[in-house]
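Reader: Could you take me through one part of this structure closely? I would like to look at the surroundings of the ligand.

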Amino acid sequence: MARIAVIGAGTGAMAAAARLAVAGEKVTVYERSASYGGSVGRHEHEGFVFDTGPGLLHLPAVQRDLFVKTGKESLEQCVTLTQVDPASRHLFADGTAVSLPNASRAGVSAALDGALGAGSGARWSDFMDRARDAWDRSRRPLLEEPLRADHQVLGRDPYPAVRQRRLLRAARQAATVAEIGTWELADPRLAALLDGYALAHGLDPRTAPASAALLPYMEQTFGSWYVLGGMRELARAVYERCVARRVEFVFGAEVVRVIEKDGRAAGVELAGGEVAEADRVVLGVRPRPGLVPGQQVWGPGDVPVRAGSDAGAAGRFTVLLSLRGAREADAVHRTVVHSGDGAAEWEAVFGGRAADRVADRVAGHPTVTVLRPDDPATRPDAEHEAVTLTATVAPQGPVDWRDAGVRQRFADVLVERAGAAVPGLRERILHTEIRTPAETEAETGAEGGAVPPPALAGAGGAYLHPGNLTRLPGLYLAGGWAHPGGGLAHAGMSGTLVAGLVVEGDGFSGSR
Ligand SMILES: Cc1cc2nc3c(=O)[nH]c(=O)nc-3n(C[C@H](O)[C@H](O)[C@H](O)COP(=O)(O)OP(=O)(O)OC[C@H]3O[C@@H](n4cnc5c(N)ncnc54)[C@H](O)[C@@H]3O)c2cc1C
């Protein structure tokens, strides 16, 4: 029985912990805060309950597998999962609105035809076929296997972009999300739909490789799910599974350094100076300078870690609204209010040529996601409603999100824009809670409060994350900042891969 020290109680690290405990290892999780779950937090105010991190679950198969492999009770026996239908409603800048059904290719196509005009559905559907090809080509090396030593194969984009012939000029093929929108979808609303998926995952449509087509493909194929009581219930269930498997949790324990002995990871040093020896260490947080000896984080072949540094450095700005008045019976769970000026929004969020002043880094017309769960557990009674507004924003740094004026002004913009999705929104507000990248930084330890995007193939490997194996024997990486990247499903997979590598050895070639 090996002693394993896990740093951080995020969902990726906890997935690794539960699996390692089942394999017979003695696992201790050191978490600097007072609770588990990391980004999957909860805010409560006078009977209103809000998720502070993800509001929906995609690719639930990852969590289902975790529960099957670590105990007798299935995921569905531990939490109540419901499909969100329609999966999303979209309000475009030209006033067009469309509701997309959950996990129904034919339904999405028909809805787009009805709202955007005949032929729109077929164009989106053809795009989804190409996205499925990209999924089939990259799923295993990108999601289900540890990052291979020859990870360069993932540098090639698996998305089969349409070759566009042009009179007297060289043919062109979409290499980015924005180019797919312009050249293949050829409708500003379909383009906004696709851009919205990239943006919601913290990716810049101008530069994100075409393989980001996987993001709408996964969602529209495997569905959008809500956990009754809020997503925090999922974190609770994973934590309880860990405890049932005898994983030990030490809260209020900040790890300041991974200990190295004889060229191996040999334990962790806590903020108080205490040292906990271990045979292996799993780092489930974004590595900060000094945390790992000699910064020996990156594995053989060294992935250029842009996604872990600047390409994916966007954060989230969230407004939690306690509302008087009942939720309408036909209210949609998720509405996306699209920006009328995508280019200006991307410039603000990700920076670029013009965005050098602070004011430029706060979008004037942000894309706003409005979440209105139909869940009695989130409100004091049926005469009230809990609503969450989210926008992808620049991290803490380029914008000082601690500035009360900056926070309030941007919250007002979100409320204004969300009014299109919630009738009488402003007049119904009883209480407002604002959360920014500054809060995310404090809660997850990620510099700038950045939220890690999922790893993507293409762009020469620039959107890959560091592999789960590191240069320091005995040190493994899990969580959203490691392969295969951020988000509940991807970080959950990192836990699967780390457990496989520890139990089966460095030759472990992935989950089957
Ligand atoms: C505001 C927000 C919105 C999001 N929205 C979505 C979404 O819509 N869809 C989606 O799929 N994903 C979303 N995510 C991302 C998703 O929540 C995470 O990728 C996922 O939960 C995996 O997190 P993790 O395992 O990397 O750990 P994290 O959630 O990053 O947690 C890390 C944990 O480690 C602890 N820690 C940090 N440093 C130390 C240290 N030195 N010592 C001890 N403990 C330490 C922290 O306190 C924290 O508990 C969102 C995240 C945020 C913050």
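**The shell around the ligand**

Author: By class, the shell around the ligand holds 10 nonpolar, 14 polar and five charged residues. Here Ala, Val, Leu, Ile, Met, Phe, Trp, Tyr, Cys and Pro count as nonpolar, Asp, Glu, Lys and Arg as charged, and the others, Gly among them, as polar. This is a predicted model, in which local features need pLDDT of at least 70 and side-chain atom pairs count only at pLDDT 80 or more, while totals for chains, interfaces and linings use all residues. Residues are numbered from 1 along each chain as its sequence is written, and side-chain values use heavy atoms, with hydrogens and water left out.

The ligand is surrounded by 29 residues, and the closest are Gly12, Glu31, Ser39, Gly480 and Gly487; a residue is near if one of its heavy atoms lies within 4 Å of the molecule. Gly480 also has a polar backbone atom 2.7 Å from an oxygen atom of the ligand. For Glu443, a backbone N or O atom lies 3.2 Å from a ligand oxygen atom. A polar backbone atom of Val255 is 2.9 Å from a nitrogen atom of the ligand. Such a polar contact is a pair of N or O atoms within 3.5 Å.

On its own the ligand has 1,000 Å² of accessible area, and the protein covers 89% of that (Shrake-Rupley method, 1.4 Å probe). Two or more residues of the shell come from each of helix H1 (11-22), strand S2 (26-31), helix H13 (437-444) and helix H14 (488-504). H13 gives the most, with three residues. Helices (H or I, at least four residues) and strands (E, at least two) are DSSP runs, numbered from the N terminus.

Definitions and conventions:
Polar contact = N/O pair within 3.5 Å; in protein donor to acceptor, adjacent residues only side chain to side chain.
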